[in-house]
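Let us walk through this protein from the overall fold down to single side chains. Keep the structure open as you read.

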Amino acid sequence: MPQGTAPADDKQSVAAVADIEGGVGAAAQLVGRVRRVLAFTGAGISTTCGVPAFRGPGGLYDTVAAAAATNGGDFPTDPQDLFDLEYFRGNPQPFYTYAKALLPPPGCQPSATHMFLAQLARRGALLRNYTQNVDGLEAAAGLPTSRVVHCHGSLLLDRPRCCVCGAAYPVPRLLEALQAAEVPRCTRSLRRRSVAARSGALAAAALSPRRSARLATARAPDADETAVDPAVFSGPRPSPSSTSSAHASVHHAGHAGTCGGAVKPGITFFGEKVKGQLTSRIAADVAAADLALVMGTSLSTDPVRGMVGRLPQELPIVVVNQVWPEGAKSSRPSGDRLRDGPDAPGIIFLQGDCDKVVTDLCAALGWDTPQH
């Protein structure tokens, strides 16, 4: 039997627990007997830390929509365009006006849910946490980096790059720009950029025509960003709202012979490919998992929506959220695990605040109460 794979008998006995009457007690039985928990988390586990959710009343999208109604063309009419790559390239300022909200406020502490996941890791029961959040609070809670996958990247861990020349940009300087609500500009020397371009052209000319063509069409960002199965990891996006000609685009006159292009943080925008390593990692983790936790997410965006929807029927799922995830209500393939709602076999839905639910879970398990 491959290392890390749950025995079939164990998986069947665990799945049987999920068929009993739901509630915190049933969920506690599951959590207490499994060894490989696969957690999928969203903005709802960070709201008590002062990081706003994207959707819902008072969320980030509501704030941007109100600004668009007040300021007209200065802000996107569709709030999701704030994270659309095409819109950002035409007008990066709205993103930097509001992106400060994605960072934890000064002095904030990880939530009780973050601490619950860290306790799972300390007990050797957390296989992986696939997080949609970019705030970095997993590390602050003590989650080992090997146990966390940032599905949309991280403002603190992933390298920012210039949208024009692809040059790397220091994370500390990006954070300064986020705090100041200013668009950071690339400081790479235009001479260095020109020399690099000429060197690349000479290298391409020395290759065979086929390899030369591949080099000429290669993308500038990190090499580990490769194409993945679009059925799992890509979601359709409407065309971004138009931008005014007065907007500051990614192209900008640099100072003292520098590039001056707008810097994009290392998080994944709509219109970008997610990192190819997600494809192989999630497949291996799903095969090994004996329980899935879905916490604080509306499941409105891929890749997590697709990951959860394709979990195998024999894997029990505990969903913790204020409401049944909106993304699970949309028209989904017939094989989607969440398509039939919270009463489907093998699913326990714990409705409520994530921090309150995990506190009750720990009490039922006799574990330390997670502190926020």
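The tour below goes from the whole chain to a helix pair, the core around it, one cysteine and some salt bridges.

Start with the whole chain. The model is predicted. The protein chain has 372 residues, and 48% of them count as buried. Its secondary structure comes to 14 helices and 8 strands. Look next at the contacts between residues at least 6 apart in sequence: 74% of them join residues at least 24 apart.

Now take a pair of helices. Two packed helices are described by the angle between their axes and the distance between the axes. Helix α6 covers residues 112-122, and helix α14 covers residues 354-365. They pack at an angle of about 40 degrees. Their axes are 8 Å apart. Angles under 35 degrees would count as roughly parallel, and 65 to 115 as roughly perpendicular. The pair α6 and α14 is therefore oblique.

Which residues of α6 and α14 meet? From α6 come Ala112, Thr113, Phe116 and Gln119. From α14 come Cys354, Asp355, Val358, Thr359, Leu361 and Cys362. By class, this contact of α6 with α14 has 6 nonpolar, 3 polar and 1 charged residues.

In soluble globular proteins, nonpolar side chains tend to be buried together. Here the largest nonpolar core has 33 residues. Those with the most contacts inside this core are Phe116, Leu120, Leu291, Leu293, Met295 and Val318. Helices α2 (24-33), α6 and α14 each supply at least two residues of the core. So do strands β1 (37-41), β6 (291-295), β7 (317-321) and β8 (347-351). The largest share, 6 residues, comes from α14.

Leave out residues up to four places away in sequence. Phe116 then touches Val31, Leu293, Met295, Val358, Leu361, Cys362, Trp367 and Pro370.

One of those partners is Cys362. Cys362 is found in helix α14. Is Cys362 buried or exposed? Its relative accessibility is 0%, so Cys362 counts as buried. Cys362 and Phe116 are 246 residues apart along the chain, yet their C-alpha atoms are separated by 8.1 Å. Leaving aside neighbours within four places in sequence, Cys362 is in contact with Phe116, Gln119, Trp367, Asp368 and Pro370.

How many salt bridges does a search of the whole structure find? The search finds 5. Among them is the pair of Asp290 and Arg36, whose side chains meet at 3.9 Å, N to O. Asp290 lies in the loop between α12 (277-288) and β6, and Arg36 in the loop between α2 and β1, so this pair ties together parts that are 254 residues apart in sequence. Both Asp290 and Arg36 are buried.

A further salt bridge joins the side chains of Arg128 and Asp285, at 2.9 Å, N to O. Arg128 lies in strand β2 (residues 126-131) and Asp285 in helix α12, so the pair ties together parts that are 157 residues apart in sequence. Arg128 and Asp285 are buried. Asp302 and Arg305 also meet through their side chains in a salt bridge, at 3.5 Å, N to O. Asp302 is buried, as is Arg305.

Note on methods
Residues numbered from 1 in each chain as written. Predicted model: local features only at pLDDT ≥ 70, side-chain atom pairs only at ≥ 80, totals over all residues. Heavy atoms only, no water. Axes fitted to C-alpha atoms, helices over the stretch in contact; angles between N-to-C directions. Helix = DSSP H or I, 4+ residues; strand = E, 2+ residues; numbered from the N terminus. Parallel < 35°, antiparallel > 145°, perpendicular 65-115°, else oblique. Contact = heavy atoms within 4.5 Å. Nonpolar A, V, L, I, M, F, W, Y, C, P; charged D, E, K, R; others polar. Core = buried A, V, L, I, M, F, W, Y, C linked by side-chain atoms within 4.5 Å. Buried < 20%, exposed > 50% of the residue type's maximum accessible area, 1.4 Å probe, protein only. Salt bridge = Lys/Arg side-chain N within 4 Å of Asp/Glu carboxyl O.
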